[in-house]
Amino acid sequence: MEPGTLALTGIAVLLALFLFTRLPVGFAMGMVGFAGFAAVLGPKAALGMLGTEVWNVFSSYGLTVIPLFILMGQICFYSGVNERLYTTAYAWMGHIRGGLAMATVLACAGFAAICGSNTATAATMSTVALPQMRKYKYSPVLATGAVAAGSTLGVVIPPSVVLLIIGLQTGTSIARLFWASLLPGMLLALLFLLVVAAACRLRPQWGPIAPRASLGRRLRALPGALEMLALFGLVMGGLFAGFFTPTEAGAAGAAAALLLSAGTRRLSVRDFLRAVTDTIKVSSMIMVIILGAVILGRFLAVTRLPYEAAAYVSALQAPPALVVLVICAIYALGGMLMDALALLLVTLPIFHPVALALGFDPIWFGVVITVVTTMGAITPPVGVNTFIVASMAPEVPMPKVFLGVSLFMAAYLVCVLLLLLVPDLALWLPRFVG
């Protein structure tokens, strides 16, 4: 079998494993990559590659940034930062029609800024926000949709685990990716707020008005946002000033979160141990996925499929903008069928060289595909965030939950369209910070 045909066969087998088996993503990619590498260069070469890559991945200093940012988010979760953020947002916006849903989106954006994970944001904000919206008789369609869609901001707003992986896999500056995703993340949050306002204007019964909080209550609620602002300012400010590398920023953020939680006595020893345990579990899962992706990438490299695809696309007469639209469509469809992180790790070795060959900025391309694949977290049939929110609201039928998240698809499409038409939305801030 020709190497190119073998590579396409391996990708087809991998997709079949994702869709029809319960095999973990990392193991599936590793198995296909190892078998394909052995088919091209022989079993001995494949065993040598496996040993080398296992050592390279698990001894990599650069990958230590992942558990550090995850630990920061877990400490914030167990110390109740999310609840205090929601209290602040609710005090200032609860009296507006649909204000509780808007407060939920803003709290998700704030928690995402220090958590970096959409699934963690979905689980924590479901626990905090859904009972409050149920109490004030919000439509379950709007309530579940706001939580599920708002929690996806954890992937776009830095620090983001997905952006970390993209930077590590493509050799792109993680700090520049963080800065580049900040404005698109804020734009997406604003578009979500506009969706809530429009939905409540068309269906006023979906978002009843809650009692107006007094000025004193609003002012007393403000300290609930200070921890998030302090941590975000430390991480991004340190990167901006050049005080921290991304790994050092993760360590500083985790240490600061621990000190803040200990200083306010909101984190017990038991909760700290839970945070560490969850960090180990999530980090181990991500490391295995990265290892599997690296092995798969080595297989694709020896077949030369990524380079041939880049050369083929470069030789086409199709406008580069059309090629990018096709790539975005592939990521949007792929995000509906498989985990976004796995999709990125499988496809980056193919599409990243194509984007470079067409002359696109790798920072801009990384942000665009992050936003596009993030839609997969709330679209069927995978829609992991949607299922998490539905599990926290068992009284709401699944079709209603998916109806709720479908309201926010327009916001995603507008955000992607603006990024395609105005690349400076992603590139201006990295240029400004130098």
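Val-195 touches Leu-407, Phe-408 and Ala-411, leaving aside residues up to four places away in sequence. In this predicted model, Val-195 sits in helix H11, which runs over residues 174–202. Its relative accessibility comes out at 16%, and because the cut-off for buried is under 20%, Val-195 counts as buried.

H14 takes in residues 246–263, 18 residues in total, and it spans 25 Å from its first C-alpha to its last, close to the 26 Å expected at 1.5 Å a residue. Quite a list of its residues is buried, namely Pro-246, Thr-247, Ala-249, Gly-250, Ala-252, Gly-253, Ala-254, Ala-256, Ala-257 and Ser-261. As for what lies over these buried residues, the cover includes H11, H13 and helix H4 (65–78). Just past the end of H14, Arg-265 adopts a positive phi of about 55 degrees.

H13, another part of that cover, covers residues 223–241, and Leu-222 is found in the loop between it and helix H12 (215–221). With a relative accessibility of 36%, Leu-222 counts as partly exposed, since that class lies between 20% and 50%. Leu-222 also belongs to a nonpolar surface patch of about 370 Å², which it makes together with Trp-92, Leu-215 and Leu-219.

Notes
Residues are numbered from 1 along each chain as its sequence is written. This is a predicted model: local features need pLDDT of at least 70, side-chain atom pairs count only at pLDDT 80 or more; totals for chains, interfaces and linings use all residues. Side-chain values use heavy atoms; hydrogens and water are left out. Helices (H or I, at least four residues) and strands (E, at least two) are DSSP runs, numbered from the N terminus. Buried means under 20% relative accessible area, exposed over 50%, partly exposed in between (1.4 Å probe, protein chains only). Contact means heavy atoms within 4.5 Å. Patches are made of residues with over 30% relative accessible area and no salt bridge: like charges are joined within 9 Å, nonpolar side chains (Val, Leu, Ile, Met, Phe, Trp, Tyr) within 5 Å. Accessible areas come from the Shrake-Rupley method with a 1.4 Å probe; for residues, only the protein chains shown count as cover. A salt bridge is a side-chain nitrogen of Lys or Arg within 4 Å of a carboxyl oxygen of Asp or Glu. The expected span of a helix is 1.5 Å times one less than its number of residues.
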